[in-house]
Amino acid sequence: MNKKVIIIAEAGVNHNGSLQRAKEMVKAAKAAGADYVKFQTAIPELVISSFAPKAEYQKETTDSDQSQLDMCKAIHLPLTDYTILKSLCESEGIGFMSTPFDLVSIDLLAELGQDWMKVPSGEITNLPYLRKIAAAGIPVILSTGMSTIDEIIDAVEILTGQSKKYPTESKLTKEDIILLHCNTEYPTPFCDVNLSAMDDIRRATGLRVGYSDHTVGIEVPIAAVALGAIVIEKHFTLDCNLPGPDHKASLEPDQLAAMVKAIRNIEQSIGSGEKTVSQSERKNMAIARKSIVAAKDIAKGEILTEDNITIKRPGNGVSPMKWDDVIGMVAIKDFKYDQLIEI
């Protein structure tokens, strides 16, 4: 049996700064069947300078005159709300996760406790941040958008304390890290997804690999599971028409539920990789395969030849693979037309 794919419903900042909406998103993610609901924890002033421009997709989905800092200040929750959300996740029976974007948030989430520390693509070249994550000792899921293989290897070595270039005290091993292939464009054009890069990442690092998706729809994450992704992360929202930077590239709850169902079907379908006769199809062997039968009435003692025997369904008689052995044999009894030959 394959190990269950971890499905992360990425609420992110799609609550638009509303704790009530964030609570509704926890319940929606649980109802959809996700394993985790994930938020984004940040003190915007520690993450974004007042001079930082918005990404193009952010300009298209939010007030273009608003700075990136002001946008993020408007849609982030205060740090105290994450304790409330974690408690709600526990009572609802869904895993809590949040991505820290600054060092203070790392400390908060480490103290709060979560199964995984999610590192976003933008922090893969942030040495102090990676060192702080390594010191926390919580298993890591690391997104690799915008990065090269060399940058990914550097980050993994920093996280595991194996880097000669960037010495780091770490409580993590490679077994504690999962890498997510990712493209950070919202939404990602299908031509830029490059799911095959999961194999490149896996070969280069020897680590387990998943996929963080920013495409429109559910096809690509499902395909990623078929290609071996063990984690799927996907943005969702209560309403794609809400204002904010990520809603347009997010799934609504019914779409999220459809994705989860499809992934669960696909992960069952992958199987062991060993070609065998399955239990469900075994009963069809006698129906679909064929046997050697009489092509005409045959009298006992008659020689069996290509003229008086043939091959037809059902398959519960002498196998056609014994054709060469049967030719030239003597009929041991009378056979009626179409009757299974016995030898």
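1. D338 is located in the segment after α14; helices (H or I, at least four residues) and strands (E, at least two) are DSSP runs numbered from the N terminus. The model is predicted: local features require pLDDT of at least 70 and side-chain atom pairs pLDDT 80 or more, while totals for chains, interfaces and linings use all residues. Residues are numbered from 1 along each chain as its sequence is written, and side-chain values use heavy atoms, with hydrogens and water left out.

2. The phi of D338 is near 75°, a positive value in a residue other than glycine. With a relative accessible area of 36%, D338 is partly exposed (buried means under 20% relative accessible area, exposed over 50%, partly exposed in between; 1.4 Å probe, protein chains only). N194, in the loop between β6 and α9, also has a positive phi, of about 55°, although it is not a glycine. N194 counts as partly exposed at 48% relative accessibility. As background, most residues other than glycine have a negative phi, and most peptide bonds are trans.

3. The bond from Y186 to P187 is cis, with omega near -10°, and P187 is found in the loop between β6 and α9. A cis peptide bond also joins R313 and P314, with omega about 5°; P314 lies in the loop between β10 and α14 (323-326).

4. Y186 also takes part in an aromatic pair with Y57, which is stacked, at 4.5 Å centre to centre and 20° between the planes. Rings of Phe, Tyr and Trp (its six-membered ring) pair if their centres lie within 6.5 Å; planes under 30 degrees apart count as stacked, over 60 as edge-to-face and the rest as tilted. Y57 lies in helix α3 (residues 56-61) and Y186 in the loop between β6 (177-182) and α9 (197-205), so the pair ties together parts that are 129 residues apart in sequence. Both Y57 and Y186 are buried.

5. F190 is placed in the loop between β6 and α9 and counts as exposed, at 52% relative accessibility. Leaving aside neighbours within four places in sequence, F190 is in contact (heavy atoms within 4.5 Å) with T215, V216 and V220. The C-alpha atoms of F190 and V220, 30 residues apart along the chain, are separated by 8.3 Å.

6. Helix α1 (residues 19-32) packs with helix α5 (residues 81-92) at an angle of about 25°, their axes being 10 Å apart. Axes are lines fitted to C-alpha atoms, for helices over the stretch in contact, and angles run from 0 to 180 degrees between N-to-C directions. α1 and α5 are therefore roughly parallel to each other (angles under 35 degrees count as roughly parallel, over 145 as roughly antiparallel, 65 to 115 as roughly perpendicular and the rest as oblique). The residues of this contact of α1 with α5 divide into seven nonpolar, no polar and five charged. Here Ala, Val, Leu, Ile, Met, Phe, Trp, Tyr, Cys and Pro count as nonpolar, Asp, Glu, Lys and Arg as charged, and the others, Gly among them, as polar.

7. For helix α7 (residues 127-136) and helix α8 (residues 149-159), the axes come within 8 Å and cross at roughly 45°, which makes α7 oblique to α8. L127, L130, R131, I133 and A134 in α7 meet A155, I158 and L159 in α8; these residues divide into seven nonpolar, no polar and one charged.
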